[in-house]
Amino acid sequence: MAPWLTVVGIGEDGFKGLGKNARHALLRASRIFGGQRHLDLLPACIGGERQSWPSPFSIEPVLALRGQSVCVLASGDPMFFGVGASLSRQLTSDDMQILPAPSSCSLAAARMGWPLQEVVTLSVVARPVAAINAQLFSGVRLLVLSNDGGSPAAIAALLRDRGFGPSRLTVLEHLGGAAERRIDGIASEWSDPAIADLNLIAIDCIAESGTPRLSRLAGLPDSAFKHDGQLTKRDVRAITLARLAPVPGELLWDVGAGSGSIGIEWMRAHPSCRALAIEADEGRQQLIEHNRDALGVPGLQLIRGSAPQALTGLERPDAIFIGGGVTREGVLDTCWAALKPGGRLIANAVTLQSEMTLMAWRDQHGGDLTRIHIAQAQPLGDFDTWRQALPITLLDVTKPIDA
């Protein structure tokens, strides 16, 4: 049987730009959903009842018509930051067919002459602009779907603040339509011209001289974070994250998050990595909120409270890091019970008491203990000597699959 739902990608050129299959689907449909802008592109010969998306947005009205002949209109490619992705989580390919048009990013890459496979694409439609911070590297090219006409100015300001003022910006309005327009400029000189709400921004990233290099690999400089001293230092952080071994799509609990450095670097490892930062101190909560935005992972979720009480009801994690509080009653037990089978638990200890707790835990559950000694060369009179940081004891244990 043919799918009851057809999702039609439509461009700025409207109905005349659609292929035969898309036109036939619209002519057959008893109900057509879409934004008002999309519905207005249809000619009078399309007889199906037209229905705008509800506010707040929901696909439930479409799902309620299962089995009827329904069409959904979407911009360009419905599976690229579009409604097709939302529908595909609820429906199978037996229920739904997708008829895409060229995406705005495909059109933009063609206009710019940029190979699309070499470009980073992202969206700030109903998403924080701060997510761009994770993508800022000199020489990288970005295609950013704008939220509205104010997005270019907000992004230009972000680039200036992050030391990327020389970056070249191109705003492309109404791609593929009669009103298509291109505006070029430099982030440091952006004059905030009037921009249509329907626009995309192409960014050729260029860093100012002296802008810090912030790698995607674990171990950012300590200076990249605002902190009050409660920070897993750079070398220990790199070792800790190597043991946590972030994998795309996995969830981390950062228990006693401090400045949030472990959770932030976990999320920077891959766009689909997620993290919950559990922190009780209000001052450190503010530091986490600042650091997550500054380093491009505004999706890091802050859980305000103390472990183990604050852990109740949270989504089960694939990995857990405990940077402080291992001696607090119930913290290790609660974390271990919540951890998914096959998940990794890493805990760091500085004091003798916390080290003894980890040793006792290893006797019961297994795992590896590692002592980390870091020394840095520092002046001593006219010479230099090694200054030893406090040693760190690291517990690394994997939960059995059959647990």
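In this predicted model, Gln135 sits in the loop that connects strand 6 (120–123) with strand 7 (141–145). With a relative accessibility of 15%, Gln135 counts as buried, because the cut-off for that label is under 20%. Leaving out residues up to four places away in sequence, Gln135 touches Val120, Leu122, Val140, Leu142 and Arg216. Ala126 is found in the loop between strand 6 and strand 7 as well, but Ala126 is exposed, with a relative accessible area of 74%. The phi angle of Ala126 is near 55 degrees, a positive value in a residue other than glycine. Most residues other than glycine have a negative phi.

Strands of a sheet pair through backbone hydrogen bonds, either parallel or antiparallel. Here the sheet is open and has 5 strands in the order 6-7-10-8-9, with mixed pairing. Strand 6 and strand 9 (181–186) form its edges, each pairing on one side only. On average, and with direction ignored, neighbouring strands of this sheet are turned by 20 degrees against each other. Strand 6 and strand 7 run parallel and are joined by 4 bridges; Val120, for example, has Leu142 of strand 7 as its bridge partner. Helix 5 (residues 104–112) packs on the sheet and touches strand 6, strand 7, strand 8 (168–173), strand 9 and strand 10 (199–204). The direction of helix 5 makes about 140 degrees with that of strand 7. Helix 6 (residues 151–161) lies across strand 7, strand 8 and strand 10, and runs at about 20 degrees to strand 10.

Another open sheet, also of 5 strands, has the order 3-2-4-1-5, with parallel pairing. Its edge strands are strand 3 (49–52) and strand 5 (96–99), each of which pairs on one side only. From one strand to the next, the twist averages 20 degrees. Strand 2 (residues 31–34) and strand 3 run parallel, with 4 bridges joining them. Arg31 has Glu49, in strand 3, as its bridge partner.

The interior of the model comes next. In soluble globular proteins, nonpolar side chains tend to be buried together. The largest nonpolar core has 28 residues, of which Phe225, Leu244, Leu252, Trp266, Leu295 and Leu300 touch the most other members. Two or more residues of this core come from each of helix 7 (234–244), helix 8 (261–268), strand 12 (274–279), strand 14 (319–322) and strand 19 (392–398). Helix 8 gives the most, with 4 residues. Apart from this core lies another, of 25 residues, among them Val331, Leu332, Trp336 and Ala338.

Which residues of helix 10 (residues 331–338) are buried? They are Val331, Leu332, Cys335, Trp336 and Ala338. Viewed down the axis of helix 10, these buried residues fall within an arc of 165 degrees, so they line one face of the helix. An α-helix has 3.6 residues a turn, so residues three or four places apart point the same way. Asp333 and Ala337 are exposed on the other side of helix 10. The cover over the buried residues of helix 10 includes strand 11 (251–255), strand 14, strand 15 (344–349), helix 11 (352–365) and strand 19.

The cysteines form 0 disulfides when their sulfur atoms must lie within 2.5 Å. Cys205 is in no disulfide, and the nearest cysteine sulfur, in Cys105, is 14 Å away. Cys205 counts as buried, at 1% relative accessibility. For Cys273, the closest cysteine sulfur is that of Cys335 at 19 Å, which is too far for a bond. Cys273 is likewise buried, at 2% relative accessibility.

A few details of the backbone complete the description. Most peptide bonds are trans. The bond from Ser55 to Pro56, however, is cis, with omega near 0 degrees, and Pro56 lies in the loop between strand 3 and helix 3 (60–63). A cis peptide bond also joins Ala307 and Pro308, with omega about 10 degrees; Pro308 is in the loop between strand 13 (301–304) and strand 14. Finally, Ala245 has a positive phi, near 55 degrees. Ala245 is found in the loop between helix 7 and strand 11 and is partly exposed, with a relative accessible area of 33%.

Note on methods:
Residues are numbered from 1 along each chain as its sequence is written. This is a predicted model: local features need pLDDT of at least 70, side-chain atom pairs count only at pLDDT 80 or more; totals for chains, interfaces and linings use all residues. Side-chain values use heavy atoms; hydrogens and water are left out. Two strands pair if DSSP finds at least two bridges between them. Axes are lines fitted to C-alpha atoms, for helices over the stretch in contact, and angles run from 0 to 180 degrees between N-to-C directions. A nonpolar core is a set of buried Ala, Val, Leu, Ile, Met, Phe, Trp, Tyr and Cys residues joined through side-chain atoms within 4.5 Å. Buried means under 20% relative accessible area, exposed over 50%, partly exposed in between (1.4 Å probe, protein chains only). Contact means heavy atoms within 4.5 Å. The arc is that of the directions from the helix axis to the C-beta atoms.
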